[in-house]
Amino acid sequence: MAKDDMLETRTHEQAHEVLDEIFKNNPQAFKIVAQQILNYLEKNNKPLYDRIVNESKADMKDGKWDEVIVRFMESVAENNGSSLKSDKNKGVGAVMAFLF
């Protein structure tokens, strides 16, 4: 995760910056996008869904939904169970494009 590796730290922190800029006029969108990512993962990649929910539980409880999005983006960057080339993740690129 972000604390363990410089690439992941950079991905994590840059994702926060980008998301803050994208949603600066609509902070409630973090929750909407995060829930859509979780819905998609629950149906299409249960191990990744379980991992992100487990890692983000406290953040979601505190209303920090951006952590779900950032952890998903981190997972894609590190190719850890979320490879966009994987058969179980077909369509995730389109889902992300639609959400943003």
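Which residue follows helix 3, and is its phi positive or negative? I found Gly63 there, with a positive phi near 80 degrees; helices here are DSSP runs (H or I, at least four residues), numbered from the N terminus.

I noted that this is a predicted model, in which local features need pLDDT of at least 70 and side-chain atom pairs count only at pLDDT 80 or more, while totals for chains, interfaces and linings use all residues. Residues are numbered from 1 along each chain as its sequence is written, and side-chain values use heavy atoms, with hydrogens and water left out.

I then looked up burial in helix 3 (residues 46-61), and its buried residues (under 20% relative accessible area, 1.4 Å probe, protein chains only) are Leu48, Tyr49, Ile52, Val53, Ser56, Asp59 and Met60.

Next I turned to salt bridges (a side-chain nitrogen of Lys or Arg within 4 Å of a carboxyl oxygen of Asp or Glu), of which a search of the whole structure finds five. Asp50 and Lys46 form one at 2.8 Å, N to O, and both lie in helix 3, four residues apart, about one turn of the helix. Arg51 and Glu55 form another, at 3.4 Å, N to O, and these two are also both in helix 3, four residues apart.

I also recorded the salt bridge of Asp59 with Arg71, at 2.8 Å, N to O. Asp59 lies in helix 3 and Arg71 in helix 4 (residues 66-78), so this pair ties together parts twelve residues apart in sequence.

Terms used. The bend at a residue is the angle between axes fitted to the seven residues ending there and the seven starting there. Buried means under 20% relative accessible area, exposed over 50%, partly exposed in between (1.4 Å probe, protein chains only).
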